[in-house]
Amino acid sequence: MRNLRLKNTSLRLLVLAGFAGLPLTFALGHEGHHAECNDTTINAVKADIQAMGEGEAKTAATKEVEAAQQLMAKNDVEGCKSHIHSAMEATEK
Amino acid sequence: MSDAGRRWALVAVALLVLIGAAAVGIYAGLYNIAADVPHTQPVYWLLETMRDRSIAARAREVVVPADLNDPTRISKGAGQYADMCSGCHLAPGMKRTEISQGLYPRAPELRRKTTLTPAEQFWVVKHGIKMTGMPAWGVTHDDDLLWDVVAFVRKLPELTKEQYETLVENAPKHEELMQKMEMGGEH
């Protein structure tokens, strides 16, 4: 009986620990696309684009980063972030 | 002074003014060499073209060994690649490292297909490239070891994450190969 209670408690702790770790797992999952709207990030994406071979992905990434720059100039941070994110995705193709 | 003479004098003065302006720009530190600010497209094109032409011209003399597809060579190259190259050039299934994100120009991701020939790849690995972070591995490694790396790099775009990891796991250790090289034996 005592063993069973101990087993149940351990199981609960394990499940709790699993849930507690979830946000960290998601955060790590998005680490590769940490898109901030600033000059440093835009320059980093531009450097990535320069290293790409010619093709559709490079054209798409260039357009996205140009759009991000335009939105940054208009102080539209969320729009800028979204285009930076798309540019980052295109550089990985 | 004749018309032709006057024209030449004008060209010479214009050239001197251009050289003078360039010198003033250089000494004033006008060009930003920070690695987190990319070159303008014309400068990037100029440097990239100069790099590619320089490599192609020098790699013409390189004789490519016939056994680049030899599994032993590829296996020996895998261990060296994991130790010496993957930090910057990455590998299948590998996340971008801090150094790979900070290097400028970016180190090419070698899991993607390359336009370089085996001779050109060997030349780059052996001699390195100025102001890119690419070292001259020929200073410390003999040609045979460097060809192993080239053999592996040619194979890399075909590998899955699992195949890459298995190859690296079973590869002779880099230190062992270096020891054998230093003792002058076959490695």
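This briefing walks through a predicted model with chains A and B, topic by topic. Local features are given only at pLDDT of at least 70 and side-chain atom pairs count only at pLDDT 80 or more, while totals for chains, interfaces and linings use all residues. Residues are numbered from 1 along each chain as its sequence is written, and chains are lettered from A and ligands numbered from 1 in the order in which they are written.

**Chain A at a glance**

- Chain A has four helices and zero strands, in the order α-α-α-α from the N terminus; helices (H or I, at least four residues) and strands (E, at least two) are DSSP runs, numbered from the N terminus.
- Of its 93 residues, 24% count as buried; a residue is buried if 20 or more other C-beta atoms lie within 10 Å of its own, exposed if 12 or fewer, and partly exposed in between, with C-beta atoms placed from the backbone.
- Among the contacts in chain A with a separation of 6 or more, 56% come from residues 24 or more positions apart; two residues are in contact if their C-beta atoms, placed from the backbone, lie within 7 Å.

**How H2(A) packs**

- Helix H2 (residues 39–50) of chain A packs with helix H4 (residues 77–91) of chain A at an angle of about 25°, their axes 10 Å apart; axes are lines fitted to C-alpha atoms, for helices over the stretch in contact, and angles run from 0 to 180 degrees between N-to-C directions.
- H2(A) and H4(A) are therefore roughly parallel to each other; angles under 35 degrees count as roughly parallel, over 145 as roughly antiparallel, 65 to 115 as roughly perpendicular and the rest as oblique.
- On the H2(A) side this contact uses Thr41(A), Ile42(A), Val45(A), Asp48(A) and Ile49(A), and on the H4(A) side Ile84(A), Ala87(A), Met88(A) and Thr91(A).
- By class, those residues are six nonpolar, two polar and one charged; Ala, Val, Leu, Ile, Met, Phe, Trp, Tyr, Cys and Pro count as nonpolar, Asp, Glu, Lys and Arg as charged, and the others, Gly among them, as polar.
- The axes of H2(A) and helix H3 (residues 56–73) of chain A come within 10 Å and cross at roughly 165°, which makes H2(A) roughly antiparallel to H3(A).
- Residues making the contact of H2(A) with H3(A) include Ile42(A), Val45(A) and Ile49(A) from H2(A), and Ala61(A), Val65(A) and Ala68(A) from H3(A).
- The contact of H2(A) with H3(A) has six nonpolar, two polar and two charged residues.

**Where the chains meet**

- Nine residues of chain A are in contact with 11 residues of chain B.
- On the chain B side, the touching residues are six nonpolar, one polar and four charged.

- Chain B is divided into domain 1 (1–31) and domain 2 (41–182), with bounds from an automatic or database domain assignment.
- The C-alpha centres of these two domains of chain B lie 43 Å apart.
- His89(B) lies in helix H4 (residues 86–89) of chain B and is buried, with 21 other C-beta atoms within 10 Å.
- Beyond its neighbours within four places in sequence, His89(B) is in contact with Ala107(B), Pro108(B), Glu109(B) and Leu110(B).

**Backbone points to look at**

- Most residues other than glycine have a negative phi, and most peptide bonds are trans.
- Asn75(A) has a positive phi near 60°; Asn75(A) lies in the loop between H3 and H4 of chain A and counts as exposed, with 9 C-beta neighbours inside 10 Å.
- Leu90(B) also has a positive phi near 60°, but Leu90(B) is buried, with 20 other C-beta atoms within 10 Å.
- A cis peptide bond, with omega about 0°, joins Tyr104(B) and Pro105(B).
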